[in-house]
Amino acid sequence: MSFGSKKFRGSAESNTFGARYRSMMAKRPFLLFGLPFLTVIIGGSFVLTPATAIRYERHDRKVRTLTRDEELGIGQQRRKVDMKEEYYRLAAKDLDDWEQKRVKRLKGESDGIL
């Protein structure tokens with residue numbers, strides 16, 4: 001004697017919403033499970049797109065690029081910088097008269113001399 005594959009459900013249990021949903025789910029699984037699932041996924045993407053855009057717009061407002069004048073004007077007492085003046089000021093310095101100095105090494109550290 002073999003047992004059937006269907007479970008026994010009493011008449012009181014067959015009238016509940018869950019039992020009716022279960023029996024309809026066996027007949028039309030896409031309509032009752034797949035369609036609501038896809039609706040939530042696609043609808044969620046439409047809802048989250050503006051929320052994500054707001055997030056990045058707020059971030060862009062906080063971290064914005066400074067113009068060249070704003071960079072130089074960050075310090076209130078800064079002098080105006082002219083690139084040509086700076087070039088000639090640096091060119092006037094004697095860059096050929098310098099002496100190389102070795103950095104003092106820590107104890108046990110190799111000084112690089114072979």
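These questions and answers walk through a predicted model of one chain.

Visitor: How many helices and strands are in the chain?
Guide: From the N terminus on, the elements run α-α-α-α-α. Strands number 0. The count of helices is 5.

Visitor: What share of the residues counts as buried?
Guide: Buried means under 20% relative accessible area. The chain has 114 residues. Those that count as buried make up 3%.

Visitor: Which helix gives the most to the nonpolar patch?
Guide: The nonpolar surface patch covers about 1200 Å², and its residues include Phe 17, Tyr 21, Phe 30 and Ile 41. Helix H2 (17-27) and helix H3 (29-62) are the elements that give two or more residues to it. With 9 residues, the top contributor is H3.

Visitor: Is Glu 86 buried or exposed?
Guide: Glu 86 is found in helix H5, residues 83-92. The cut-off for buried is under 20% relative accessible area. Glu 86 has 16%, so it is buried.

Visitor: Which residues does Glu 86 touch, not counting those up to four places away in sequence?
Guide: Contact means heavy atoms within 4.5 Å. With residues up to four places away in sequence left out, Glu 86 touches Arg 79 and Val 81.

Note on methods: Residues are numbered from 1 along each chain as its sequence is written. This is a predicted model: local features need pLDDT of at least 70, side-chain atom pairs count only at pLDDT 80 or more; totals for chains, interfaces and linings use all residues. Side-chain values use heavy atoms; hydrogens and water are left out. Patches are made of residues with over 30% relative accessible area and no salt bridge: like charges are joined within 9 Å, nonpolar side chains (Val, Leu, Ile, Met, Phe, Trp, Tyr) within 5 Å. Accessible areas come from the Shrake-Rupley method with a 1.4 Å probe; for residues, only the protein chains shown count as cover. A salt bridge is a side-chain nitrogen of Lys or Arg within 4 Å of a carboxyl oxygen of Asp or Glu. Helices (H or I, at least four residues) and strands (E, at least two) are DSSP runs, numbered from the N terminus. Buried means under 20% relative accessible area, exposed over 50%, partly exposed in between (1.4 Å probe, protein chains only).
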